[in-house]
Amino acid sequence: MTDQLRLPLQSDGVDPAFVRSTCNAEAAAILDRWPDDAGRVMALCGPAGCGKSHLARLWAERVGALALVGGEAAQADPIELEGRPVLLDIAQDADDETLFHLINLAQADGGALLLVSRPSPRRWDVSVPDLRSRLDALRVVAMEAPDDAVLSAILRARFAERSITPADDVLDYLVRRIDRSSQAAADIVARLDAEHRPVTRVLARQVIEANPDSGDLFE
């Protein structure tokens, strides 16, 4: 991995709520111009809470993709899928036949398939040899857990939704102590708001010490 490069926070080409930084800039830039000549099927992977589902949904809105989730993809009408971009989130939960069919449909004019998952498709458990070879050959774009800049921006946005404007030292304190995920940020903001007291660094410390476990992580 290269040394950390501090990029200016920006949202060009993406929803204003999506902050670009070192941890996600490459993935965001690729989706800005994809599908391109690099292929019609691509996978976006990364740890829980890194923002991959958020970025994928923004891509789907931009290109007019039909959004599917996991095993529910088997219920989709093939007529609706042919000749248009498709987003499949939690893609590793789709059955082999559905995945194989979606990959084939993506080759038609106007088609594209973005697969989103935590593990790379190369680690998915599939039993169809042809599907295995296709998944192994996919272009995989990885996202990392939110860095300080992104996690701070997520916290600030979640506080703003509750009309709370914490001081910078509160944000800095939280960034150093919560799990690096959007869900962890939302959870700590909700817990602080539930105290019905001014959100200060002292309160943040009290809440974190009283609830040391951040809970399960989500996509």
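1. The lining of the largest cavity comprises 7 nonpolar residues, no polar residues and 1 charged residue. Here Ala, Val, Leu, Ile, Met, Phe, Trp, Tyr, Cys and Pro count as nonpolar, Asp, Glu, Lys and Arg as charged, and the others, Gly among them, as polar.

2. This is a predicted model, in which local features need pLDDT of at least 70 and side-chain atom pairs count only at pLDDT 80 or more, while totals for chains, interfaces and linings use all residues. Residues are numbered from 1 along each chain as its sequence is written, and side-chain values use heavy atoms, with hydrogens and water left out.

3. The structure holds 1 cavity of 30 Å³ or more, and the volume of the largest cavity is about 40 Å³. A cavity is a set of points on a 1 Å grid over the protein atoms alone where a 1.4 Å probe fits but cannot get out, and lining residues have an atom within 4 Å of a point. Grid points are joined across faces, edges and corners, and the volume is the space filled by probe spheres set on the points.

4. The residues lining the largest cavity are L81, R84, V86, L102, L105, A106, A112 and L113. At least two residues of this lining come from each of α4 and β4; helices (H or I, at least four residues) and strands (E, at least two) are DSSP runs, numbered from the N terminus.

5. L135 is in contact (heavy atoms within 4.5 Å) with I103, L115, P121, R122, W124 and V126, leaving aside its neighbours within four places in sequence.

Note on methods:
On a 1 Å grid over the protein atoms alone, a cavity is a set of points where a 1.4 Å probe fits but cannot get out, and a pocket is an open set with protein on both sides within 12 Å along at least five of seven lines; lining residues have an atom within 4 Å of a point.
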